[in-house]
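Thank you all for making the time this morning.

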Amino acid sequence: MSEVKKIATRESYGNALAECGAEYENLVVLDADLASATKTGIFKKAFPDRHIDCGIAECNMVGIAAGLATTGKIPFVSTFAMFAAGRAFEQIRNSVAYPRLNVKIGATHAGISVGEDGATHQCNEDIALMRAIPGMVVISPADDVEARAAVRAAIEYEGPVYLRFGRLAVPVINDNPDYQFEIGRGITLREGQDITIISTGLCVSESLKAAELLEADGIQAKVINIHTIKPLDEELVVAAAKETGKIVTVEEHSVIGGLGSAVCDALCAKYPAPVLKIGINDVFGESGPAAELIKKYGLDGQSIYEKVRAFVKGK
Amino acid sequence: MNVLELKKTANEIRKGIIEAVHSAKSGHPGGSLSAADIFTYLYFEEMNIDPSKPDDPDRDRFVLSKGHVTPGYYSTLAHRGYFPVEDLKTFRHVGSYLQGHPDRKHIPGVDMSSGSLGQGISAAVGMALSAKMSGRSYRTYTLLGDGEIQEGQVWEASMFAGHRKLDNLVVIVDNNGLQIDGNIAEVCSPYPIDKKFEAFNFHVIHTDAHDFEQIAAAFAEARQTKGMPTAIIAKSVKGKGVSFMENQASWHGSAPNDEQYAIAMEDLRKVGEALCQK
(Lines give C-alpha, C1' and ligand atoms only; values in the text may rest on other atoms or scores of the structure.)
Protein backbone atom coordinates (compact mmCIF):
# COMPACT_ATOMS: atom_id res chain seq x y z
CA MET A 1 0.00 0.00 0.00
CA SER A 2 1.37 3.37 -1.01
CA GLU A 3 1.96 5.99 1.64
CA VAL A 4 -1.13 8.20 2.07
CA LYS A 5 -0.39 11.90 1.91
CA LYS A 6 -1.10 13.63 5.20
CA ILE A 7 -1.53 17.32 5.87
CA ALA A 8 -3.11 19.31 8.70
CA THR A 9 -6.15 21.34 7.65
CA ARG A 10 -4.66 24.41 9.38
CA GLU A 11 -1.84 24.17 6.85
CA SER A 12 -4.41 23.93 4.06
CA TYR A 13 -6.11 27.02 5.50
CA GLY A 14 -2.94 29.11 5.37
CA ASN A 15 -2.12 27.87 1.89
CA ALA A 16 -5.63 28.58 0.62
CA LEU A 17 -5.58 32.13 1.98
CA ALA A 18 -2.28 32.77 0.23
CA GLU A 19 -3.62 31.20 -2.99
CA CYS A 20 -6.71 33.40 -2.93
CA GLY A 21 -4.93 36.60 -1.93
CA ALA A 22 -4.12 37.79 -5.43
CA GLU A 23 -7.54 36.96 -6.81
CA TYR A 24 -9.53 38.63 -4.03
CA GLU A 25 -8.10 42.08 -3.34
CA ASN A 26 -10.51 42.69 -0.46
CA LEU A 27 -9.37 39.59 1.39
CA VAL A 28 -7.68 40.55 4.68
CA VAL A 29 -6.48 38.23 7.43
CA LEU A 30 -6.42 38.94 11.15
CA ASP A 31 -4.59 36.95 13.76
CA ALA A 32 -4.04 37.17 17.50
CA ASP A 33 -0.36 36.36 17.93
CA LEU A 34 -0.74 32.84 16.55
CA ALA A 35 0.14 33.34 12.88
CA SER A 36 2.75 30.61 12.99
CA ALA A 37 0.30 28.12 14.52
CA THR A 38 -2.87 29.03 12.62
CA LYS A 39 -0.70 29.18 9.47
CA THR A 40 -1.95 32.61 8.47
CA GLY A 41 1.77 33.37 8.47
CA ILE A 42 1.78 31.87 4.96
CA PHE A 43 -0.61 34.62 3.85
CA LYS A 44 1.38 37.22 5.76
CA LYS A 45 4.51 36.32 3.83
CA ALA A 46 2.73 36.84 0.51
CA PHE A 47 0.57 39.84 1.50
CA PRO A 48 2.13 41.55 4.52
CA ASP A 49 0.01 44.69 4.16
CA ARG A 50 -3.22 42.71 4.36
CA HIS A 51 -2.28 40.66 7.42
CA ILE A 52 -3.26 42.34 10.68
CA ASP A 53 -1.82 41.03 13.91
CA CYS A 54 -4.13 42.21 16.68
CA GLY A 55 -2.01 40.88 19.51
CA ILE A 56 -3.47 38.62 22.16
CA ALA A 57 -6.92 40.19 22.13
CA GLU A 58 -9.40 37.95 20.34
CA CYS A 59 -12.59 39.83 21.25
CA ASN A 60 -11.21 43.05 19.83
CA MET A 61 -9.95 41.18 16.76
CA VAL A 62 -13.47 39.99 15.96
CA GLY A 63 -14.81 43.52 16.41
CA ILE A 64 -12.14 44.98 14.14
CA ALA A 65 -13.05 42.36 11.53
CA ALA A 66 -16.68 43.45 11.80
CA GLY A 67 -15.69 47.08 11.22
CA LEU A 68 -13.53 46.09 8.24
CA ALA A 69 -16.44 44.09 6.79
CA THR A 70 -18.75 47.13 6.91
CA THR A 71 -16.36 48.80 4.46
CA GLY A 72 -16.34 45.93 1.96
CA LYS A 73 -13.31 44.00 3.12
CA ILE A 74 -13.55 40.21 3.44
CA PRO A 75 -11.85 39.53 6.78
CA PHE A 76 -10.75 36.13 7.97
CA VAL A 77 -10.11 36.11 11.72
CA SER A 78 -7.85 33.38 12.96
CA THR A 79 -7.09 31.93 16.31
CA PHE A 80 -7.60 28.62 18.09
CA ALA A 81 -11.20 27.35 18.14
CA MET A 82 -11.25 27.76 21.90
CA PHE A 83 -10.53 31.48 21.71
CA ALA A 84 -12.71 32.16 18.65
CA ALA A 85 -15.91 30.26 19.37
CA GLY A 86 -15.28 30.30 23.11
CA ARG A 87 -13.72 33.53 24.25
CA ALA A 88 -15.10 35.70 21.45
CA PHE A 89 -18.49 33.98 21.25
CA GLU A 90 -20.45 37.08 22.09
CA GLN A 91 -18.49 39.28 19.71
CA ILE A 92 -19.17 36.75 16.94
CA ARG A 93 -22.85 36.71 17.84
CA ASN A 94 -23.44 40.43 18.37
CA SER A 95 -20.81 42.17 16.21
CA VAL A 96 -20.71 39.72 13.29
CA ALA A 97 -23.79 37.51 13.02
CA TYR A 98 -26.51 39.90 14.22
CA PRO A 99 -25.43 42.63 11.75
CA ARG A 100 -24.86 39.81 9.22
CA LEU A 101 -21.39 40.98 8.32
CA ASN A 102 -19.17 39.21 5.83
CA VAL A 103 -16.65 37.94 8.37
CA LYS A 104 -15.08 34.47 8.17
CA ILE A 105 -13.84 32.84 11.33
CA GLY A 106 -10.91 30.51 10.59
CA ALA A 107 -10.64 28.52 13.81
CA THR A 108 -7.73 26.15 14.05
CA HIS A 109 -6.68 23.65 16.74
CA ALA A 110 -10.21 22.34 17.20
CA GLY A 111 -10.91 19.21 19.21
CA ILE A 112 -8.70 16.92 21.28
CA SER A 113 -6.19 16.45 18.46
CA VAL A 114 -4.60 19.66 19.75
CA GLY A 115 -2.74 17.09 21.82
CA GLU A 116 -0.17 18.02 24.45
CA ASP A 117 -1.56 21.48 25.31
CA GLY A 118 -4.43 19.73 27.03
CA ALA A 119 -7.98 20.55 28.02
CA THR A 120 -7.77 24.36 28.16
CA HIS A 121 -6.86 24.44 24.48
CA GLN A 122 -8.97 21.51 23.23
CA CYS A 123 -12.28 22.97 22.13
CA ASN A 124 -14.95 20.30 21.85
CA GLU A 125 -17.82 22.74 22.08
CA ASP A 126 -17.29 25.11 19.15
CA ILE A 127 -19.71 23.49 16.71
CA ALA A 128 -22.43 23.59 19.35
CA LEU A 129 -21.78 27.25 20.08
CA MET A 130 -21.55 28.34 16.46
CA ARG A 131 -24.51 26.41 15.10
CA ALA A 132 -26.76 27.98 17.72
CA ILE A 133 -26.18 31.42 16.20
CA PRO A 134 -28.82 32.46 13.63
CA GLY A 135 -27.48 32.65 10.10
CA MET A 136 -24.05 31.22 10.88
CA VAL A 137 -22.60 28.74 8.38
CA VAL A 138 -20.51 26.05 10.11
CA ILE A 139 -17.96 24.11 8.08
CA SER A 140 -15.67 21.34 9.30
CA PRO A 141 -13.48 20.06 6.46
CA ALA A 142 -12.12 16.52 6.45
CA ASP A 143 -8.83 16.96 4.65
CA ASP A 144 -6.54 19.22 2.65
CA VAL A 145 -8.60 19.19 -0.54
CA GLU A 146 -11.79 19.99 1.31
CA ALA A 147 -10.24 22.63 3.56
CA ARG A 148 -8.85 24.57 0.62
CA ALA A 149 -12.15 24.29 -1.26
CA ALA A 150 -14.02 25.43 1.86
CA VAL A 151 -11.90 28.58 2.17
CA ARG A 152 -12.67 29.49 -1.42
CA ALA A 153 -16.39 28.77 -0.95
CA ALA A 154 -16.42 30.90 2.20
CA ILE A 155 -14.90 33.82 0.29
CA GLU A 156 -17.52 33.49 -2.43
CA TYR A 157 -20.34 33.24 0.11
CA GLU A 158 -21.74 36.55 1.39
CA GLY A 159 -22.20 36.35 5.16
CA PRO A 160 -20.64 34.96 8.32
CA VAL A 161 -18.93 31.57 8.14
CA TYR A 162 -17.22 29.52 10.84
CA LEU A 163 -14.48 27.23 9.52
CA ARG A 164 -13.05 24.51 11.77
CA PHE A 165 -9.51 23.33 11.17
CA GLY A 166 -7.23 20.86 12.95
CA ARG A 167 -3.66 20.83 14.16
CA LEU A 168 -2.95 17.19 13.37
CA ALA A 169 -1.89 16.02 9.91
CA VAL A 170 -4.72 13.95 8.43
CA PRO A 171 -4.88 11.74 5.33
CA VAL A 172 -6.03 13.21 2.04
CA ILE A 173 -9.19 11.29 1.23
CA ASN A 174 -10.94 13.55 -1.25
CA ASP A 175 -8.65 12.55 -4.09
CA ASN A 176 -11.51 11.87 -6.48
CA PRO A 177 -10.90 14.12 -9.53
CA ASP A 178 -14.65 14.87 -9.63
CA TYR A 179 -14.59 16.21 -6.07
CA GLN A 180 -16.76 19.29 -5.69
CA PHE A 181 -17.37 21.38 -2.60
CA GLU A 182 -20.72 23.01 -2.14
CA ILE A 183 -21.75 24.63 1.13
CA GLY A 184 -24.55 22.58 2.67
CA ARG A 185 -24.09 19.54 0.45
CA GLY A 186 -22.87 16.33 2.09
CA ILE A 187 -20.76 13.77 0.25
CA THR A 188 -21.39 10.02 0.20
CA LEU A 189 -17.94 8.45 0.23
CA ARG A 190 -19.01 4.84 0.39
CA GLU A 191 -22.26 3.00 -0.26
CA GLY A 192 -23.72 0.45 2.13
CA GLN A 193 -27.13 -0.88 3.14
CA ASP A 194 -26.68 -2.06 6.71
CA ILE A 195 -25.75 1.13 8.56
CA THR A 196 -24.87 4.75 7.81
CA ILE A 197 -21.87 6.43 9.41
CA ILE A 198 -22.10 10.21 9.21
CA SER A 199 -18.86 11.93 10.05
CA THR A 200 -17.03 15.24 9.90
CA GLY A 201 -13.50 16.59 10.13
CA LEU A 202 -10.65 14.23 10.91
CA CYS A 203 -13.13 11.52 11.94
CA VAL A 204 -14.11 11.01 8.30
CA SER A 205 -10.94 9.11 7.44
CA GLU A 206 -11.25 7.09 10.65
CA SER A 207 -14.86 6.27 9.75
CA LEU A 208 -13.72 4.99 6.35
CA LYS A 209 -11.25 2.71 8.15
CA ALA A 210 -14.07 1.49 10.37
CA ALA A 211 -16.21 0.79 7.30
CA GLU A 212 -13.45 -1.43 5.88
CA LEU A 213 -13.26 -3.40 9.12
CA LEU A 214 -17.05 -3.73 9.16
CA GLU A 215 -17.01 -5.04 5.61
CA ALA A 216 -14.71 -7.87 6.71
CA ASP A 217 -17.49 -8.81 9.13
CA GLY A 218 -20.07 -8.69 6.37
CA ILE A 219 -21.52 -5.36 7.42
CA GLN A 220 -21.92 -2.87 4.58
CA ALA A 221 -21.63 0.65 5.95
CA LYS A 222 -22.56 3.77 4.03
CA VAL A 223 -20.16 6.60 4.92
CA ILE A 224 -21.24 10.21 4.55
CA ASN A 225 -18.93 13.18 4.96
CA ILE A 226 -20.83 16.16 6.33
CA HIS A 227 -18.41 19.05 5.85
CA THR A 228 -21.16 21.62 6.40
CA ILE A 229 -22.84 21.12 9.73
CA LYS A 230 -25.01 24.18 9.21
CA PRO A 231 -26.92 24.34 6.98
CA LEU A 232 -27.12 20.55 7.25
CA ASP A 233 -27.82 18.43 4.18
CA GLU A 234 -31.03 17.11 5.69
CA GLU A 235 -32.15 15.49 2.48
CA LEU A 236 -29.07 13.28 2.39
CA VAL A 237 -29.37 12.42 6.08
CA VAL A 238 -33.05 11.50 5.84
CA ALA A 239 -32.48 9.45 2.67
CA ALA A 240 -29.71 7.55 4.46
CA ALA A 241 -31.98 6.85 7.45
CA LYS A 242 -34.66 5.55 5.09
CA GLU A 243 -32.14 3.31 3.40
CA THR A 244 -30.22 1.87 6.34
CA GLY A 245 -32.47 2.50 9.34
CA LYS A 246 -29.85 3.09 12.00
CA ILE A 247 -27.42 6.01 11.89
CA VAL A 248 -24.07 6.55 13.61
CA THR A 249 -22.49 9.99 13.87
CA VAL A 250 -18.78 10.46 14.52
CA GLU A 251 -17.09 13.72 15.42
CA GLU A 252 -14.14 15.13 17.31
CA HIS A 253 -16.53 17.26 19.35
CA SER A 254 -18.84 16.88 22.30
CA VAL A 255 -21.80 14.61 21.72
CA ILE A 256 -23.80 17.58 22.96
CA GLY A 257 -24.67 20.11 20.28
CA GLY A 258 -22.41 19.03 17.44
CA LEU A 259 -22.88 16.98 14.27
CA GLY A 260 -24.69 14.23 16.18
CA SER A 261 -27.18 16.67 17.62
CA ALA A 262 -27.68 18.33 14.23
CA VAL A 263 -28.42 14.94 12.66
CA CYS A 264 -30.79 14.05 15.50
CA ASP A 265 -32.58 17.39 15.14
CA ALA A 266 -33.19 16.68 11.47
CA LEU A 267 -34.25 13.06 11.97
CA CYS A 268 -36.55 13.85 14.92
CA ALA A 269 -38.50 16.22 12.73
CA LYS A 270 -38.46 14.32 9.45
CA TYR A 271 -37.75 10.60 9.89
CA PRO A 272 -37.17 9.35 13.45
CA ALA A 273 -34.45 6.69 13.49
CA PRO A 274 -32.11 5.20 16.09
CA VAL A 275 -28.87 7.21 16.27
CA LEU A 276 -25.61 6.35 18.01
CA LYS A 277 -23.55 9.46 18.68
CA ILE A 278 -19.80 8.90 18.85
CA GLY A 279 -17.81 11.89 20.09
CA ILE A 280 -16.40 13.37 23.26
CA ASN A 281 -18.73 12.16 26.00
CA ASP A 282 -19.33 15.35 27.99
CA VAL A 283 -15.83 15.42 29.46
CA PHE A 284 -12.78 17.66 29.14
CA GLY A 285 -9.76 16.41 27.23
CA GLU A 286 -6.22 16.03 28.55
CA SER A 287 -2.56 16.26 27.52
CA GLY A 288 -0.92 13.67 25.32
CA PRO A 289 0.09 12.94 21.74
CA ALA A 290 -2.91 13.52 19.44
CA ALA A 291 -2.98 10.00 17.99
CA GLU A 292 -3.03 8.47 21.47
CA LEU A 293 -5.82 10.79 22.60
CA ILE A 294 -7.90 9.93 19.54
CA LYS A 295 -7.60 6.27 20.53
CA LYS A 296 -8.24 6.91 24.20
CA TYR A 297 -11.40 8.89 23.44
CA GLY A 298 -12.62 6.26 20.99
CA LEU A 299 -12.42 8.19 17.75
CA ASP A 300 -9.97 5.95 15.85
CA GLY A 301 -11.06 3.50 13.15
CA GLN A 302 -10.85 0.45 15.42
CA SER A 303 -12.93 2.02 18.21
CA ILE A 304 -15.53 3.31 15.76
CA TYR A 305 -15.70 -0.15 14.18
CA GLU A 306 -16.33 -1.85 17.52
CA LYS A 307 -19.07 0.59 18.53
CA VAL A 308 -20.79 0.46 15.15
CA ARG A 309 -20.68 -3.35 15.03
CA ALA A 310 -22.33 -3.57 18.46
CA PHE A 311 -24.94 -0.99 17.42
CA VAL A 312 -25.76 -2.87 14.22
CA LYS A 313 -26.15 -6.08 16.19
CA GLY A 314 -28.53 -4.28 18.50
CA LYS A 315 -26.36 -4.42 21.60
CA MET B 1 -24.78 76.04 11.88
CA ASN B 2 -24.15 78.75 14.41
CA VAL B 3 -24.29 78.05 18.13
CA LEU B 4 -27.89 79.26 18.46
CA GLU B 5 -29.03 76.95 15.65
CA LEU B 6 -27.14 74.06 17.18
CA LYS B 7 -28.83 74.70 20.52
CA LYS B 8 -32.26 74.82 18.91
CA THR B 9 -31.56 71.60 17.03
CA ALA B 10 -30.31 69.87 20.18
CA ASN B 11 -33.48 70.94 21.97
CA GLU B 12 -35.64 69.41 19.24
CA ILE B 13 -33.54 66.23 19.45
CA ARG B 14 -34.17 66.15 23.21
CA LYS B 15 -37.92 66.40 22.57
CA GLY B 16 -37.58 63.40 20.25
CA ILE B 17 -35.81 61.47 23.00
CA ILE B 18 -38.69 62.04 25.41
CA GLU B 19 -41.28 61.20 22.74
CA ALA B 20 -39.49 57.94 21.91
CA VAL B 21 -39.04 56.62 25.45
CA HIS B 22 -42.53 57.74 26.49
CA SER B 23 -44.06 55.97 23.51
CA ALA B 24 -42.00 52.83 24.14
CA LYS B 25 -42.61 52.94 27.90
CA SER B 26 -38.95 51.91 28.07
CA GLY B 27 -35.51 53.00 26.88
CA HIS B 28 -32.61 55.08 28.10
CA PRO B 29 -33.31 58.81 28.43
CA GLY B 30 -30.50 59.78 30.88
CA GLY B 31 -27.52 58.97 28.66
CA SER B 32 -29.40 60.09 25.54
CA LEU B 33 -29.91 63.55 27.02
CA SER B 34 -26.31 63.79 28.25
CA ALA B 35 -25.07 62.99 24.72
CA ALA B 36 -27.64 65.09 22.82
CA ASP B 37 -25.32 68.05 22.19
CA ILE B 38 -22.49 65.79 21.06
CA PHE B 39 -24.88 63.97 18.69
CA THR B 40 -26.08 67.32 17.37
CA TYR B 41 -22.60 68.63 16.71
CA LEU B 42 -21.46 65.40 15.03
CA TYR B 43 -24.42 65.09 12.67
CA PHE B 44 -25.12 68.76 11.93
CA GLU B 45 -21.60 70.16 11.84
CA GLU B 46 -18.68 67.78 12.14
CA MET B 47 -19.32 64.71 10.04
CA ASN B 48 -19.17 64.50 6.27
CA ILE B 49 -22.47 62.72 5.65
CA ASP B 50 -25.44 62.92 3.31
CA PRO B 51 -28.73 61.34 4.44
CA SER B 52 -29.66 60.73 0.80
CA LYS B 53 -26.52 58.61 0.39
CA PRO B 54 -26.24 56.55 3.59
CA ASP B 55 -23.98 54.00 1.87
CA ASP B 56 -21.49 56.43 0.32
CA PRO B 57 -18.11 54.68 0.75
CA ASP B 58 -16.44 58.01 1.50
CA ARG B 59 -18.88 59.13 4.20
CA ASP B 60 -17.63 59.63 7.73
CA ARG B 61 -18.56 56.76 10.05
CA PHE B 62 -20.16 56.76 13.46
CA VAL B 63 -20.47 53.85 15.87
CA LEU B 64 -22.63 54.20 18.97
CA SER B 65 -20.58 52.04 21.30
CA LYS B 66 -22.87 52.97 24.20
CA GLY B 67 -25.61 51.39 22.14
CA HIS B 68 -28.40 51.80 24.67
CA VAL B 69 -28.80 55.53 23.98
CA THR B 70 -30.76 54.89 20.80
CA PRO B 71 -33.36 57.54 21.71
CA GLY B 72 -30.64 60.18 21.31
CA TYR B 73 -29.13 58.52 18.24
CA TYR B 74 -32.42 57.91 16.42
CA SER B 75 -33.78 61.34 17.24
CA THR B 76 -30.61 62.84 15.75
CA LEU B 77 -30.77 60.68 12.62
CA ALA B 78 -34.46 61.50 12.19
CA HIS B 79 -33.93 65.25 12.57
CA ARG B 80 -31.01 65.01 10.16
CA GLY B 81 -33.33 63.48 7.57
CA TYR B 82 -32.48 59.78 7.54
CA PHE B 83 -36.06 58.78 8.39
CA PRO B 84 -39.30 60.49 9.53
CA VAL B 85 -39.27 62.07 12.99
CA GLU B 86 -42.79 60.66 13.41
CA ASP B 87 -41.30 57.14 13.39
CA LEU B 88 -39.64 57.81 16.77
CA LYS B 89 -43.04 56.96 18.26
CA THR B 90 -42.57 53.36 17.03
CA PHE B 91 -39.32 52.99 18.98
CA ARG B 92 -39.10 49.58 20.70
CA HIS B 93 -42.53 48.56 19.42
CA VAL B 94 -43.01 45.08 17.95
CA GLY B 95 -42.41 45.20 14.20
CA SER B 96 -40.71 48.60 14.21
CA TYR B 97 -37.35 49.02 12.50
CA LEU B 98 -36.30 51.23 15.42
CA GLN B 99 -34.93 48.42 17.59
CA GLY B 100 -33.97 48.93 21.22
CA HIS B 101 -30.32 48.93 20.22
CA PRO B 102 -28.85 50.02 16.85
CA ASP B 103 -29.49 47.62 13.96
CA ARG B 104 -27.47 48.41 10.86
CA LYS B 105 -29.49 46.00 8.72
CA HIS B 106 -32.70 48.01 8.93
CA ILE B 107 -32.01 51.57 10.04
CA PRO B 108 -30.82 54.13 7.48
CA GLY B 109 -27.71 55.93 8.68
CA VAL B 110 -26.67 53.31 11.24
CA ASP B 111 -23.15 52.18 10.35
CA MET B 112 -22.86 49.42 12.92
CA SER B 113 -25.12 47.35 15.14
CA SER B 114 -24.16 47.71 18.78
CA GLY B 115 -25.48 47.47 22.27
CA SER B 116 -23.28 44.96 24.00
CA LEU B 117 -20.93 47.37 25.75
CA GLY B 118 -17.28 47.54 24.73
CA GLN B 119 -17.83 46.13 21.25
CA GLY B 120 -18.63 49.22 19.22
CA ILE B 121 -15.21 50.77 19.65
CA SER B 122 -13.57 47.71 18.08
CA ALA B 123 -15.79 48.01 15.01
CA ALA B 124 -14.94 51.72 14.80
CA VAL B 125 -11.25 50.82 14.95
CA GLY B 126 -11.85 48.37 12.07
CA MET B 127 -13.48 51.12 10.01
CA ALA B 128 -10.62 53.53 10.69
CA LEU B 129 -8.08 50.81 9.88
CA SER B 130 -9.88 50.06 6.61
CA ALA B 131 -9.61 53.73 5.59
CA LYS B 132 -5.87 53.64 6.24
CA MET B 133 -5.47 50.37 4.30
CA SER B 134 -7.46 51.63 1.32
CA GLY B 135 -6.21 55.22 1.30
CA ARG B 136 -9.67 56.67 1.95
CA SER B 137 -10.01 59.97 3.75
CA TYR B 138 -13.18 59.41 5.76
CA ARG B 139 -13.04 59.79 9.54
CA THR B 140 -14.57 57.50 12.15
CA TYR B 141 -16.23 58.59 15.39
CA THR B 142 -17.41 56.45 18.25
CA LEU B 143 -19.27 57.41 21.41
CA LEU B 144 -18.64 55.50 24.63
CA GLY B 145 -20.20 55.72 28.05
CA ASP B 146 -17.97 56.36 31.04
CA GLY B 147 -19.37 53.23 32.66
CA GLU B 148 -18.78 51.33 29.42
CA ILE B 149 -15.03 51.84 29.66
CA GLN B 150 -15.03 49.36 32.54
CA GLU B 151 -15.23 46.74 29.77
CA GLY B 152 -11.78 45.29 29.01
CA GLN B 153 -12.41 45.21 25.27
CA VAL B 154 -12.35 49.02 25.23
CA TRP B 155 -8.71 48.88 26.20
CA GLU B 156 -7.87 46.10 23.75
CA ALA B 157 -9.29 48.34 21.03
CA SER B 158 -7.51 51.42 22.37
CA MET B 159 -4.17 49.60 22.49
CA PHE B 160 -4.60 48.62 18.86
CA ALA B 161 -5.72 52.10 17.75
CA GLY B 162 -2.79 53.74 19.51
CA HIS B 163 -0.35 51.16 18.16
CA ARG B 164 -1.60 51.67 14.60
CA LYS B 165 -1.58 55.48 15.00
CA LEU B 166 -5.16 55.78 13.77
CA ASP B 167 -5.40 59.56 13.62
CA ASN B 168 -8.64 59.21 11.62
CA LEU B 169 -10.39 57.88 14.74
CA VAL B 170 -12.08 59.96 17.43
CA VAL B 171 -13.28 58.26 20.60
CA ILE B 172 -15.73 60.35 22.62
CA VAL B 173 -16.41 59.44 26.25
CA ASP B 174 -19.74 60.74 27.54
CA ASN B 175 -18.57 61.43 31.07
CA ASN B 176 -21.88 61.88 32.88
CA GLY B 177 -20.52 60.14 35.96
CA LEU B 178 -23.42 57.76 36.48
CA GLN B 179 -24.08 54.13 35.64
CA ILE B 180 -27.01 51.86 36.51
CA ASP B 181 -25.77 51.01 39.99
CA GLY B 182 -24.79 54.58 40.85
CA ASN B 183 -21.78 56.90 40.67
CA ILE B 184 -19.05 55.44 38.44
CA ALA B 185 -16.41 56.49 40.96
CA GLU B 186 -18.13 54.40 43.61
CA VAL B 187 -19.21 51.37 41.55
CA CYS B 188 -15.78 50.61 40.03
CA SER B 189 -13.91 53.78 39.23
CA PRO B 190 -12.56 54.18 35.69
CA TYR B 191 -10.75 57.39 36.72
CA PRO B 192 -8.37 58.81 35.70
CA ILE B 193 -9.89 58.44 32.24
CA ASP B 194 -7.54 60.91 30.56
CA LYS B 195 -4.36 59.27 31.84
CA LYS B 196 -5.62 55.87 30.72
CA PHE B 197 -6.14 56.99 27.12
CA GLU B 198 -2.82 58.86 27.18
CA ALA B 199 -1.13 55.67 28.29
CA PHE B 200 -2.65 53.94 25.26
CA ASN B 201 -1.06 56.58 23.00
CA PHE B 202 -4.12 58.77 22.41
CA HIS B 203 -4.22 62.55 22.19
CA VAL B 204 -6.67 63.52 24.94
CA ILE B 205 -8.96 66.56 24.94
CA HIS B 206 -11.34 67.63 27.69
CA THR B 207 -14.55 69.43 26.88
CA ASP B 208 -17.83 70.49 28.38
CA ALA B 209 -20.36 68.24 26.62
CA HIS B 210 -23.02 71.00 26.62
CA ASP B 211 -20.94 73.96 25.40
CA PHE B 212 -20.95 74.04 21.59
CA GLU B 213 -17.98 76.37 21.37
CA GLN B 214 -15.88 73.99 23.44
CA ILE B 215 -17.21 71.00 21.49
CA ALA B 216 -16.30 72.66 18.20
CA ALA B 217 -12.81 73.44 19.45
CA ALA B 218 -12.34 69.85 20.61
CA PHE B 219 -13.29 68.33 17.24
CA ALA B 220 -11.14 70.89 15.42
CA GLU B 221 -8.17 69.92 17.59
CA ALA B 222 -8.86 66.25 16.87
CA ARG B 223 -8.76 66.97 13.14
CA GLN B 224 -5.39 68.68 13.55
CA THR B 225 -3.96 65.77 15.52
CA LYS B 226 -1.69 63.58 13.43
CA GLY B 227 -0.02 60.29 14.23
CA MET B 228 -2.33 59.27 17.05
CA PRO B 229 -6.04 58.76 17.68
CA THR B 230 -7.95 61.30 19.75
CA ALA B 231 -10.04 60.74 22.86
CA ILE B 232 -12.47 63.52 23.75
CA ILE B 233 -13.60 63.31 27.34
CA ALA B 234 -16.89 65.16 27.38
CA LYS B 235 -18.00 66.15 30.87
CA SER B 236 -21.76 65.94 30.80
CA VAL B 237 -24.89 65.95 32.92
CA LYS B 238 -26.95 62.79 32.79
CA GLY B 239 -30.55 63.70 31.95
CA LYS B 240 -29.46 67.18 30.74
CA GLY B 241 -32.38 69.45 29.89
CA VAL B 242 -35.13 67.69 31.82
CA SER B 243 -35.31 69.07 35.35
CA PHE B 244 -36.22 65.94 37.27
CA MET B 245 -33.91 63.66 35.28
CA GLU B 246 -30.68 65.62 35.72
CA ASN B 247 -27.96 63.78 37.64
CA GLN B 248 -30.29 60.93 38.60
CA ALA B 249 -28.93 57.41 37.95
CA SER B 250 -32.51 56.12 38.17
CA TRP B 251 -33.26 57.76 34.79
CA HIS B 252 -30.57 55.65 33.10
CA GLY B 253 -33.05 53.13 31.79
CA SER B 254 -36.60 54.06 32.68
CA ALA B 255 -39.34 55.92 30.83
CA PRO B 256 -41.47 58.82 32.07
CA ASN B 257 -45.15 58.23 32.79
CA ASP B 258 -47.75 60.54 31.24
CA GLU B 259 -47.43 63.15 33.96
CA GLN B 260 -43.62 63.11 33.88
CA TYR B 261 -43.74 63.23 30.09
CA ALA B 262 -45.80 66.42 30.26
CA ILE B 263 -43.33 68.04 32.68
CA ALA B 264 -40.34 67.01 30.54
CA MET B 265 -41.88 68.36 27.35
CA GLU B 266 -42.81 71.59 29.13
CA ASP B 267 -39.20 71.96 30.31
CA LEU B 268 -37.97 71.57 26.75
CA ARG B 269 -40.70 73.81 25.32
CA LYS B 270 -39.55 76.60 27.62
CA VAL B 271 -35.93 76.12 26.59
CA GLY B 272 -36.99 76.27 22.96
CA GLU B 273 -39.03 79.39 23.54
CA ALA B 274 -36.12 81.12 25.26
CA LEU B 275 -33.80 80.22 22.38
CA CYS B 276 -36.25 81.67 19.86
CA GLN B 277 -36.18 85.00 21.63
CA LYS B 278 -32.41 85.28 21.24
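In this predicted model, the centres of domain 1 and domain 2 of chain A, taken over C-alpha atoms, are separated by 24 Å. To place these on the sequence, domain 1 of chain A covers residues 6-171, while domain 2 of chain A covers 187-308. Where the two touch, domain 1 of chain A contributes 28 residues and domain 2 of chain A contributes 29 residues.

If we look at the domain 1 side of that contact, the elements of chain A that each supply at least two residues are α7 (126-131), β6 (137-139), α8 (144-156) and β8 (169-171). Sorted by class, this side of domain 1 of chain A, the one that touches domain 2 of chain A, has 14 nonpolar, 8 polar and 6 charged residues.

Let me turn now to a sheet in chain A. It is an open sheet built from 5 strands, and the order to follow on the screen is β9-β11-β10-β13-β14 of chain A, with mixed pairing. At the edges are β9 (187-190) and β14 (275-280) of chain A, each of which pairs on one side only, and from one strand to the next the twist averages 25°.

How do β13 and β14 of chain A pair, in the parallel or the antiparallel sense? Strand β13(A), residues 247-254, pairs with β14(A) in the parallel sense, over 5 bridges, and as a point of orientation you can find A:Thr249 standing opposite A:Lys277, a residue of β14(A).

Two helices of chain A belong in this picture as well. Helix α11(A), residues 259-270, lies across β10 (195-199), β13 and β14 of chain A, and it runs at about 140° to β13(A). Helix α13(A), residues 301-312, packs on the sheet, where it touches β10, β11 (221-225), β13 and β14 of chain A, and its direction makes about 160° with that of β14(A).

Finally, there is the meeting of the two chains, in which 19 residues of chain B are in contact with 20 residues of chain A. On the chain B side, the elements giving two or more residues are α4 (120-134) and α5 (152-163) of chain B, and the largest share, 8 residues, comes from α4(B). By class, the side of chain B that touches chain A has 8 nonpolar, 7 polar and 4 charged residues.

Definitions and conventions. Residues numbered from 1 in each chain as written. Chains lettered and ligands numbered in written order. Predicted model: local features only at pLDDT ≥ 70, side-chain atom pairs only at ≥ 80, totals over all residues. Pairing = 2+ DSSP bridges. Helix = DSSP H or I, 4+ residues; strand = E, 2+ residues; numbered from the N terminus. Axes fitted to C-alpha atoms, helices over the stretch in contact; angles between N-to-C directions. Contact = placed C-beta atoms within 7 Å. Domains from an automatic or database assignment. Nonpolar A, V, L, I, M, F, W, Y, C, P; charged D, E, K, R; others polar.
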